[in-house]
Amino acid sequence: MALIGGNGGIMIACAQTNTYASNGGHDGSNGGAMQFDFYLPVDVQDTVTVPSSTADVRSNFDTRFTTHYIATHNWGTYYWGNNWKEWVIQRRYDNASSGIHATATKIREVIHRGHPSFNGGGSGDGTYPTLTVQDADTLQIRCRIGGDYWNSNNLEMYYLGGSAETPMIGVGADHPTYNYDLTQAWSE
Amino acid sequence: MALIGGFKGPIIAAFSSAENTDNVAKQMDFVVPIITNIDSLQTSKPTSGTNYTQDPVYLHAATHPNSTSGCAIKLGIHAVGSYYYGQVYREYIYFRNPNASSSGYIMQLSEQVGDNYSSFDSSNDFTLTVQDNATGKLRVRQDKDYFTANEVKVYYLGGGTDVTFVGRNSGAPSGLGSRGADYDDRYYQTFWV
């Protein structure tokens, strides 16, 4: 068990772009940008129970809405630099119309351009990576990386928090009550 | 077992200047996991599977991480003082890049200032610097309060190398390109698309 990993350090994806057209891969014709998909868990909070009593604040709780807090570290070695971005991916269920929806939003970043041309150049935010929702039902997210020479892009993606396979540590019928309690009735 | 600690939120370094006797600013060095291997990430070259030579996970593992590779780690530092009381919380990203192997660099992501007495916050002597990039050694310095009244806690918030990889190919390189080879088939990443 990794030391930090045992305390919450989780990497969910990584990539390096040094692939070659001769192997069916990237040929550098698209500015160095490449993309892959990854999937976030959707069967969340498996220790949450949904009481039938309508007096309980958890009644009718819909476990399909989730939030995932992740970080991307995109770095390059030619037009070199490092870029850390933090993202929130939200998923909700719409009873009225069209079911599950998801959005991916960057909330903040820091970038170090060792070379002035790294990742969009200038002084603004990094052009890459980008995250876009491909499918909300399966929470399929597309990550597009680039910003450096086509074979010099690297990426690590970390899970920082949110509702992916997370235990419910409050009150739950199938789970012990730990230190934290939750008022069981509505209040106004 | 600490409840939250059992899941997340470890403190990786801390100091108190309570025993400081020489009225010199207190500082502390600590090493972060940023140059070791990601031990759950397979590094042997795949030999089969669809377009296995294009496997982004293998390609990444083959070049990362080692003592000169790139990486980033996120730290939260809470600096407090108990005499001219006050508190400041900052989040930092420590970057390493092969082109900056002799130095590395630290960027501040955010800062929140607490209920500070004016004499506490009048000092800017709260810094995080790279002490030895080759070993991932950082130095935190905090002297915002009276010289015996400063404390610091450093929290690990994400990133680094001593983490658990839960994506595809985390164990053995067999069966690349198929979802069945996943460590957990709900957490996989694809080949390039």
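Is B:Phe120 buried or exposed?

Analyst: B:Phe120 counts as buried, because 25 C-beta neighbours lie inside 10 Å, and the cut-off for a buried residue is 20 or more. Please note that the model is predicted. B:Phe120 belongs to helix 2 of chain B, which covers residues 118-121. If neighbours within four places in sequence are left aside, the contacts of B:Phe120 fall into two stretches of chain B: B:Gly81, B:Tyr84, B:Tyr85 and B:Gly86 on the one hand, and B:Lys144 and B:Asp145 on the other. The C-alpha atom of B:Asp143 is 9.0 Å from that of B:Phe120, although 23 residues separate the two along the chain.

The sheet of chain B comes next. Three strands make up an open sheet in chain B, in the order 2-7-6, with antiparallel pairing. Strand 2 (26-31) and strand 6 (126-132) of chain B are at the edges; each has a single partner strand, so one side of each has no neighbour in the sheet. From one strand to the next, the twist averages 25°. In general, the strands of a sheet pair through backbone hydrogen bonds, and the pairing may be parallel or antiparallel. Strand 6 of chain B and strand 7 of chain B (residues 137-142) run antiparallel and are joined by 6 bridges. As one instance, B:Val130 has B:Leu138 in strand 7 of chain B as its bridge partner.

B:Asn23 is found in the loop between strand 1 (11-16) and strand 2 of chain B. Its phi is positive, about 55°, although B:Asn23 is not a glycine. B:Asn23 is exposed, because 9 other C-beta atoms lie within 10 Å, and a residue with 12 or fewer is classed as exposed.

A:Asn119 is placed in the loop between strand 5 and strand 6 of chain A. A:Asn119 is buried, because 29 other C-beta atoms lie within 10 Å of its own. The loop between strand 5 (99-113) and strand 6 (130-135) of chain A also holds A:Pro129. A cis peptide bond, with omega about 0°, links A:Tyr128 to A:Pro129.

As a whole, chain A has 0 helices and 8 strands. Of the 188 residues in chain A, 39% are buried. Among the contacts in chain A with a separation of 6 or more, 64% are between residues 24 or more positions apart.

In soluble globular proteins, nonpolar side chains tend to be buried together. Residues up to four places away in sequence are not counted in what follows: A:Tyr158 touches A:Ile10, A:Met11, A:Ile12, A:Ile70 and A:Ala71 in chain A, together with B:Gly158 and B:Gly159 in chain B.

How values were computed
Residues are numbered from 1 along each chain as its sequence is written. Chains are lettered from A and ligands numbered from 1 in the order in which they are written. This is a predicted model: local features need pLDDT of at least 70, side-chain atom pairs count only at pLDDT 80 or more; totals for chains, interfaces and linings use all residues. Two strands pair if DSSP finds at least two bridges between them. Helices (H or I, at least four residues) and strands (E, at least two) are DSSP runs, numbered from the N terminus. Axes are lines fitted to C-alpha atoms, for helices over the stretch in contact, and angles run from 0 to 180 degrees between N-to-C directions. Two residues are in contact if their C-beta atoms, placed from the backbone, lie within 7 Å.
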